[in-house]
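Hi everyone, thanks for coming. I'd like to walk you through one model today, so please bring it up on your screens.

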Amino acid sequence: MKTCLECGDPIVGREDKKFCSDGCRNAYNNKINKDSTNYMRNINNKLRKNYRILSELNVEGKSKTTRAKLMSKGFDFEFFTNVLNTKTGNTYYFLYDQGYMVLDNDFYMLVKKDI
């Protein structure tokens, strides 16, 4: 007889079942997927915050904003997920599918990748 991966209770039902209930499945997956250290959790929180700020300011998929506006919302320029250097020499900083490029006079071009 199979037992639940979370609580060890016997499993009744389908042959390929791993958990006795939705609660045990959720508890197990939450433990597996949680950030293992405060350092990771803090970085992930900063990435999420930056992503929310870019999404809020870039509703149309392409727009302009100022450094002051980004900073006033708490944007942290040190945290991004990847960098794209174009053939024309432009550098875009991305947070997943939301990105920005530095322009002149403290302006920023906000873009969204089609995924």
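Predicted model: local features only at pLDDT ≥ 70, side-chain atom pairs only at ≥ 80, totals over all residues.

**A walk around helix α2**

Let me start with D97, which is buried, with a relative accessible area of 8%; buried means under 20% relative accessible area, exposed over 50%, and partly exposed in between, with a 1.4 Å probe and protein chains only. Residues are numbered from 1 along each chain as its sequence is written, and side-chain values use heavy atoms, with hydrogens and water left out.

Back to D97, then. You'll find D97 in the loop between β3 and β4. Helices (H or I, at least four residues) and strands (E, at least two) are DSSP runs, numbered from the N terminus. Setting aside neighbours within four places in sequence, D97 is in contact with Y51, V111, K112, K113 and I115; contact here means heavy atoms within 4.5 Å.

Now for helix α2 itself, which covers residues 38-57. How far apart are the end C-alpha atoms of this helix? They are 29 Å apart, and that agrees with the 28 Å that 20 residues should span at 1.5 Å a residue. The expected span is 1.5 Å times one less than the number of residues.

Which residues of α2 are buried? They are L47, N50, I53, L54 and L57. These residues cover an arc of only 125 degrees around the axis, which puts them on the same side of α2; the arc is that of the directions from the helix axis to the C-beta atoms. As for what the buried residues pack against, the partners are β1 (62-66), α3 (67-72), β3 (91-95), β4 (98-102) and β5 (107-112).

Let's zoom in on two residues of α2. N50 sits in this helix and is buried, at a relative accessible area of 1%. A polar atom of the N50 side chain lies 3.0 Å from the backbone oxygen of F79. Leaving out neighbours within four places in sequence, N50 is in contact with G74, F75, D76, F79 and L95.

R41 is also placed in α2, but R41 counts as partly exposed, at 33% relative accessibility. Its side chain makes a polar contact with the side chain of N38, at 2.4 Å. A polar contact is a pair of N or O atoms within 3.5 Å; within protein, one must be able to donate a hydrogen and the other to accept it, and residues adjacent in sequence count only if both atoms are side-chain atoms. R41 and C24 are 17 residues apart in sequence and 24 Å apart in space, C-alpha to C-alpha.

On to the strands. β1 and β5 run antiparallel and are joined by 5 bridges; two strands pair if DSSP finds at least two bridges between them. In this pairing, K64 has M109 of β5 as its bridge partner. β4 and β5 run antiparallel too, with 5 bridges joining them, and here Y100 has L110 of β5 as its bridge partner. The hairpin of β4 and β5 has 4 residues between the strands, and N105 takes a positive phi near 60 degrees there.

One more residue in this region is S63, which belongs to β1 and counts as buried at 18% relative accessibility. Its side chain reaches the backbone oxygen of L57 at 3.3 Å, and a polar contact of 3.2 Å joins the side chains of S63 and N58. Not counting residues up to four places away in sequence, S63 touches L57, N58, Y108, M109 and L110.

Last stop, the cysteines. How many disulfides are there? With a disulfide defined as a pair of cysteine sulfur atoms within 2.5 Å, the count comes to 0. C4 counts as buried, at 5% relative accessibility, whereas C20 is partly exposed at 29%.

Thanks, everyone!
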